[in-house]
Amino acid sequence: MARILPLITLLAASLPAVHAWGAMGHYAVAYVATNFVSTTTKSYMQTLLADTTTDYLASVATWADSYRSTSAGAFSAPFHYIDALDSPPSSCSVSLSRDCNGGGCVVSAIANYTSRLQNTALSASERQIAAKMVIHFLGDVGQPLHCENLDEGGNTVDVTYNKSSTNLHAVWDTKIPEHISGGSSKSVAKTWAANLTAEINSGSYHSLASGWVSGMSITNAQASALTWASESNAEVCTVVMPNGLSPLETQDLSGAYTTSATPTVRLQIAKQGYRLAKWLDAIVASL
Ligand SMILES: *[C@@H]1O[C@H](CO)[C@@H](O)[C@H](O)[C@H]1NC(C)=O
Ligand SMILES: *[C@@H]1O[C@H](CO)[C@@H](O)[C@H](O)[C@H]1NC(C)=O
Ligand SMILES: *[C@@H]1O[C@H](CO)[C@@H](O)[C@H](O)[C@H]1NC(C)=O
Ligand SMILES: [Zn+2]
């Protein structure tokens with residue numbers, strides 16, 4: 001089942017739409033984070049990113065997807081996911097030694113760019129790139145199918161969504177987030193993030209949020225990122241394909257399937273946005 005890495009890189013580089021939350025997911029993670037960062041983090045990041053608007057995180061949240069489709073950035077394509085070689089739905093697991101070798105993965109990339117963002121000996125432009133990578137990859141690691149090898153993270157599973165042909169990965173990256181939020185623009189993402197922020201501040205996520213960040217540490221970034229990847233991967237077994245792939249190939253996924261996936265997609269976006277805020281706070285506090 002293991003794929004040959006140069007082939008992955010080539011495929012990912014030539015098909016920029018694969019292996020990434022669509023723009024909506026990344027914007028929403030960024031806006032949730034914007035609502036929770038400290039004022040010190042806000043001004044630090046606005047300066048580093050040279051953007052004093054309230055969109056300073058959202059505006060760079062999809063940069064890593066454009067970069068990896070350039071020849072200079074092709075090396076970063078494997079950083080958007082981790083190919084867990086498990087056996088869903090009966091057994092889900094992530095193992096760094098098994099699943100993150102050769103060209104790296106989202107777990108090693110989070111560790112690398114977290115440390116580069118902290119490294120003030122690097123140039124401002126290198127640290128700006130590191131910030132954009134961290135903002136993007138904390139989103140990607142929350143997408144269950146970014147933490148799964150089976151059928152290239154669902155990219156080769158042909159499905160129907162609202163009478164159109166697509167693939168399972170795209171349903172999770174784009175179709176469901178756009179369905180929940182009601183669009184694909186930054187302003188729609190901002191409204192969705194306001195709803196998730198309210199859930200964290202006083203709604204159904206209020207009692208959960210401290211657990212989302214407990215044990216999280218930028219000094220062992222790889223361990224934290226592995227925890228997040230393992231959580232996402234577990235959802236492949238419980239939510240993405242609880243009864244395997246065949247039921248997904250014989251129904252229109254815009255119906256009951258989307259209804260069943262919606263709580264998980266909302267939770268993952270809220271969780272990663274909140275974690276991103278606390279992660280950036282910890283980085284800025286360490287400088
Ligand atoms: C860390 O990031 C730099 C800058 O993009 C890259 O050149 C390097 O290969 C990365 N290292 C790892 C181990 O991913
Ligand atoms: C399906 O597509 C139609 C026409 O584009 C649209 O009006 C409708 O909202 C879509 N439904 C879902 C569930 O995405
Ligand atoms: C968030 O949106 C959902 C779906 O529209 C709604 O049921 C919920 O009450 C909203 N939460 C808050 C805190 O506004
Ligand atoms: Zn991505």
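**View 1. Polar contacts of ligand 3 with Asn195 and Glu199 in a predicted model.** An oxygen atom of ligand 3 lies 2.3 Å from an N or O atom in the side chain of Asn195, and a nitrogen atom of ligand 3 is 2.8 Å from a polar side-chain atom of Glu199; a polar contact is a pair of N or O atoms within 3.5 Å, where within protein one must be able to donate a hydrogen and the other to accept it, and residues adjacent in sequence count only if both atoms are side-chain atoms. Of the 360 Å² of accessible area that ligand 3 has on its own, the protein covers 35%, areas being computed by the Shrake-Rupley method with a 1.4 Å probe.

**View 2. The shell around ligand 3.** Asn195, Ala198, Glu199 and Arg266 surround the ligand, a residue being near a molecule if one of its heavy atoms lies within 4 Å of it. Helix 10 (residues 186-202) gives the most to this shell, with three residues; helices are DSSP runs of H or I with at least four residues, numbered from the N terminus. The shell around ligand 3 divides into one nonpolar, one polar and two charged residues, where Ala, Val, Leu, Ile, Met, Phe, Trp, Tyr, Cys and Pro count as nonpolar, Asp, Glu, Lys and Arg as charged, and the others, Gly among them, as polar.

**View 3. The salt-bridge network of Glu231, Lys271 and Arg275.** A salt bridge is a side-chain nitrogen of Lys or Arg within 4 Å of a carboxyl oxygen of Asp or Glu, and by this rule the count comes to seven. Lys271 forms one with Glu231, their closest N and O atoms being 2.7 Å apart; this pair links distant parts of the chain, with Lys271 in helix 13 (residues 256-286) and Glu231 in helix 12 (residues 221-240), 40 residues apart. Arg275 also forms a salt bridge with Glu231, at 2.8 Å between the closest N and O atoms, and here the partners are 44 residues apart. Lys271 is buried at 6% relative accessible area, as is Arg275 at 2%, whereas Glu231 is partly exposed at 24%; buried means under 20%, exposed over 50% and partly exposed in between (1.4 Å probe, protein chains only).

**View 4. The salt bridge between Asp65 and Arg68.** The side chains meet at 3.7 Å, N to O. Because Asp65 and Arg68 are three residues apart in helix 4 (residues 63-68), about one helical turn separates them. Asp65 is buried, with a relative accessible area of 12%, and Arg68 is buried at 0%.

**Conventions.** Residues are numbered from 1 along each chain as its sequence is written, while chains are lettered from A and ligands numbered from 1 in the order in which they are written. In this predicted model local features need pLDDT of at least 70, side-chain atom pairs count only at pLDDT 80 or more, and totals for chains, interfaces and linings use all residues, while side-chain values use heavy atoms, with hydrogens and water left out.

Conventions: Helices (H or I, at least four residues) and strands (E, at least two) are DSSP runs, numbered from the N terminus.
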